[in-house]
Amino acid sequence: MHPTDTRDPQYYHRVVDCQWACPAHTNVPEYIRLIADGKYTESYMLNRESNVFPGILGRTCDRPCEPACRRTRVEDEPVAICRLKRVAADLRGEIDHLLPKAAAEKNGKKIALIGAGPASLTVANDLIPLGYHCTIFEALPKPGGLMRTNIPSFRLPVAVLEEEMDMILNMGVEVHYNHRIDSLKELLDEGDFDAYFIGTGAPKGKELNIPGRTEGSANIHIGIEWLESIHFGHIDSVGERVLVIGVGNTAMDCCRSSKRLGGKDIKVMARKSRPYFKASPWELEDAEDEEVEIIVDHSPQCFVIEDGQLRGMIFDLVEWEENEKGRLVSTKHGEIFIQADDVVLAIGQDNAFPWIERDIGIEFGEWDMPVVDRATFMTSREGVFVGGDAAWGPENIIWAVEHGHQAAISIHNYCRGLPVTDRPPYGMNLVSTKMGIHEWRYSNDYDPVLRTEMRYADLEKRLSDMKIEAELGFDVKETVREVERCLNCDIQTDFTTNLCIECDACIDVCPVTCLTITHNGEEDDLRQRLMAPADNMDQAIFASESLPQTGRIMVKDEDLCVHCGLCAERCPTAAWDMMQFDLLNPYAGHQSWPEKAITASTISV
Amino acid sequence: MSYIKKPAARHPKLKVNSLGLTIRDYEGSMSTLCAGCGHDSVTAALVQAFFELEVEPHRLAKLSGIGCSSKTPAYFVSEAHGFNAVHGRMPSVAAGANAAHRDLLYVGISGDGDSLSIGLGQFCHAIRRNVNMLYVLENNGVYGLTKGQFSASADIGSTSKGGVANQQGPIDPVNTALSLGATFVARSFSGDKDQLIPILKAGLSHSGFAFVDVISPCVTFNDHQGSTKSYAHTRSHMHEVIETDFVPLKTEIKTEYSEGSVQDITMHDGSVVKLHKIADEYDPTDRRAVLDYLADVGSRGEIATGLLYLEEAGVDMHGFENTVDGPLVEVPFADLCPGSKGLEEVQKEWW
């Protein structure tokens with residue numbers, strides 16, 4: 001195996017599992033340490049740099065970081081990363097002076113942003129400080145897109161939403177509300193803008209075309225439209241018995257909203273069984289805590305209408321089995337009638353681009369979606385970019401934010417006549433955390449404490465008012481407890497080969513058996529020859545150069561390292577050091593890393 | 001030394017032995033020795049050996065005297081019995097404990113100061129008595145706890161950290177043990193666990209006094225150029241005479257050696273020690289030949305390592321003394337203490 005190049009920023013980035021899994025590559029361990037230090041404002045600002053909406057995401061993020069969390073490899077539950085993010089937002093101080101400001105002078109370039117959701121707002125956030133003039137066209141009377149209309153306020157209070165959007169809008173974004181773009185061709189032909197960004201989301205709820213749909217339409221609702229109507233106050237009640245069809249996160253919002261609108265008997269109807277549910281596990285739990293019933297293996301057959309009034313639905317009772325091709329197939333073994341006063345359809349969302357003409361140079365591909373470049377976010381028409389759910393269908397907010405950052409880089413390039421494929425590099429800083437013989441700039445003591453449970457507002461109280469936030473957030477005591485669970489994966493074990501005297505001290509002390517000194521070989525062979533086999537192929541193994549005394553190599557399986565620093569504490573020659581790794585994400589305007597950073601080198605010991 | 005405890009988290013795929021224990025269950029408290037101390041590697045090798053031999057912690061007694069080496073019993077098998085004796089007096093405490101309870105596994109940890117200076121007499125007599133124990137001498141050539149003065153095992157010409165060369169000849173513990181009739185004599189190196197672990201396992205299975213001299217560098221006071229007990233010097237001057245393979249009872253023998261190069265020795269408990277001779281003419285059962293060979297290797301400035309001498313049929317302390325078969329704690333009280341009438345009977349023998 002060749003010696004590992006730890007000076008490539010992506011090597012250590014991969015070790016920070018949460019940051020790697022986060023589409024926006026938020027520096028999670030550092031923001032958790034800042035929270036631990038009581039530096040909530042600094043933590044908030046560090047979050048904001050990459051994910052732009054810490055308060056919103058601290059409540060609503062789909063948390064790709066948490067399943068990735070290294071803690072799950074040594075115990076069951078990940079660090080409550082998302083909830084700690086909310087702590088930073090809840091407890092932060094004054095930040096006005098820290099927020100990005102619009103450039104003093106405009107650069108004369110004008111950008112049209114279609115849709116005022118997270119993707120467009122991120123583009124504006126990145127481009128206005130560079131001197132761009134950004135104009136948003138929004139069909140609704142208020143900004144936020146699906147963050148506003150689809151996430152009920154018991155999960156995301158409107159004040160939190162608006163405050164974070166205002167941080168961007170107040171930089172001087174020109175916004176046209178109630179201004180739906182019905183023709184992209186027209187907008188392009190007017191020629192007022194230098195570049196166009198489409199961030200219109202996936203606004204069309206899927207239909208369920210089974211018998212009775214039309215006749216019962218007064219009491220059959222499309223989930224995302226229904227949630228939007230609730231948000232704007234057009235709907236304020238629901239029947240006592242509600243069936244929610246579908247079992248994704250939107251279905252969870254629908255059933256929990258029903259509970260608050262006066263629904264008593266709320267059933268979520270799933271075609272398959274629990275392992276196949278799309279909703280995040282915590283959203284399922286929250287719904288069940290609110291006494292929503294989740295019924296599995298019921299496939300909708302028809303709506304039952306009597307005297308023009310919806311009475312309920314008939315479901316096929318099904319069983320699922322995998323066929324030879326590994327696909328799930330169902331067999332019906334009965335049917336059942338279930339009463340309902342209202343039915344909400346939450347079975348997915350589609351994109352819809354009736355307003356983009358097909359003859360304006362924007363190529364459309366599969367599923368009638370515009371063809372968008374995965375790296376540059378540009379369509380086949382130069383100067384027209386797409387991001388967020390509009391690009392490749394429904395994802396979550398954090399993806400839209402990352403799309404916005406990347407599109408902003410492209411737009412910045414495009415407006416300066418540079419190729420959009422010219423991406424600025426990732427950089428890194430790597431700084432020793434050593435303070436003394438056994439003192440480090442981070443809390444390296446492993447705390448076996450289990451994940452802190454969230455506290456909720458009293459059930460009766462929260463169900464009485466749509467606007468009462470269900471989760472109470474962590475208080476300081478809970479925060480102090482939870483931050484210690486973070487394993488500080490960004491504090492890297494950095495090895496200097498020529499200092500090693502092969503005394504084995506690091507190997508002997510490592511609590512998770514991840515170090516080995518052995519003779520070199522092919523990676524597959526090495527992985528099996530370690531002190532404990534390195535079977536997780538998703539995680540790299542580090543290989544040093546040949547060691548000075550015996551010519552063997554030091555190998556580290558990155559998979560289970562708990563970053564306790566004992567290898568470095570027990571190393572007599574400081575061949576191991578605990579170095580804080582800081583990934584420098586590229587954003588629009590950061591074409592290089594001049595003074596602050598090191599792109600592919602480090603401070604040597 | 002580290003202030004934090006070793007994290008409780010462990011590798012989920014750690015092997016589990018027949019007792020349901022993982023290697024981490026054989027650990028002790030955190031070492032307070034200097035970072036990089038050879039002794040910590042010896043501790044780790046012992047932990048590995050206990051795990052592999054599936055030793056029940058409560059069947060183990062660990063004893064030591066005074067010195068850096070003698071601190072180490074605190075760093076392995078927390079659940080075992082332990083005794084930290086007076087300087088150099090561990091062998092007599094071990095002999096006493098063994099006399100009272102012969103069924104435990106005894107491990108004595110000592111150093112070059114503890115065994116070759118203040119405790120030399122004790123060391124010699126434990127060999128003479130053939131106390132059934134594993135005796136590990138962690139040998140670094142200096143007094144580490146008192147800032148690195150030469151010990152009795154320092155070689156002539158080896159320099160101190162300050163650059164002064166030692167002039168007095170060393171006491172070689174291997175030679176000493178061999179000449180006193182020890183039945184199991186080995187030398188190894190803390191930086192070579194592949195060699196050390198099978199030797200420790202063989203020593204633990206040996207019936208009688210199993211002596212292992214382990215070159216265990218002192219990183220703080222004796223790991224410089226000019227030292228003959230540094231990591232670098234030991235690595236470049238090691239002369240492996242015998243490769244040891246320990247095959248526990250009822251285990252299939254897998255390693256294949258060329259004919260004639262391997263000598264099998266069946267231990268008292270039925271396990272087999274396979275000695276793979278690297279030097280053809282070497283006979284690990286011929287005491288005089290071994291002494292000659294070692295003198296030869298030593299004269300070239302090399303350090304002979306391996307399980308150098310093994311004699312399994314010896315008589316141990318209990319054999320010499322014709323003691324009871326089991327531990328005293330299992331002897332019925334009436335037999336153990338015959339009372340004043342019994343005492344009178346015994347005393348009549350001398351009247």
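## Domains of chain A

Into which domains is chain A divided? The model is a predicted one, and in it chain A is divided into domain 1, made of 100-203 + 351-415, and domain 2, made of 205-348. Between the C-alpha centres of domain 1 and domain 2 of chain A there are 32 Å.

Where these two parts of chain A meet, six residues of domain 1 are in contact with nine residues of domain 2. The side of domain 1 of chain A that touches domain 2 of chain A consists of three nonpolar residues, two polar ones and one charged one.

## A covered helix in chain A

Helix H8 of chain A spans residues 81-91 and is mostly covered, with eight of its eleven residues buried. The buried residues of H8(A) are Ile81(A), Arg83(A), Leu84(A), Lys85(A), Arg86(A), Val87(A), Ala88(A) and Ala89(A).

The packing partners of these buried residues are helices of chain A: H2 (17-21), H3 (28-36), H4 (40-51), H5 (54-60), H6 (65-68) and H19 (476-483).

## The sheet of chain B

Chain B contains an open sheet of eight strands with mixed pairing, in the order S2-S1-S3-S4-S8-S7-S13-S9. Strand S2 (81-84) and strand S9 (238-240) of chain B stand at the edges; each has a single partner strand, so one side of each is left without a neighbour in the sheet. On average, neighbouring strands of this sheet are turned by 20° against each other, direction ignored.

Within the sheet, strand S1 (residues 60-64) and strand S3 (residues 105-111) of chain B run parallel and are joined by five bridges. Ser64(B) has Ile109(B) as its bridge partner in S3(B). Helix H7 of chain B, residues 193-205, packs on the sheet, where it touches S3, S4 (133-139), S7 (184-189), S8 (209-215), S9 and S13 (303-310) of chain B. The direction of H7(B) makes about 155° with that of S7(B).

## Where the chains meet

How many residues does each chain bring to the contact? Chain A brings 28 residues and chain B brings 25 residues. On the side of chain A that touches chain B, helix H20 (505-509) and helix H22 (566-569) of chain A each supply at least two residues. H20(A) gives the most to this side, with three residues.

By residue type, the side of chain A that touches chain B divides into 17 nonpolar, five polar and six charged residues.

Definitions and conventions:
Residues numbered from 1 in each chain as written. Chains lettered and ligands numbered in written order. Predicted model: local features only at pLDDT ≥ 70, side-chain atom pairs only at ≥ 80, totals over all residues. Pairing = 2+ DSSP bridges. Helix = DSSP H or I, 4+ residues; strand = E, 2+ residues; numbered from the N terminus. Axes fitted to C-alpha atoms, helices over the stretch in contact; angles between N-to-C directions. Contact = placed C-beta atoms within 7 Å. Buried ≥ 20, exposed ≤ 12 C-beta atoms within 10 Å, placed from the backbone. Nonpolar A, V, L, I, M, F, W, Y, C, P; charged D, E, K, R; others polar. Domains from an automatic or database assignment.
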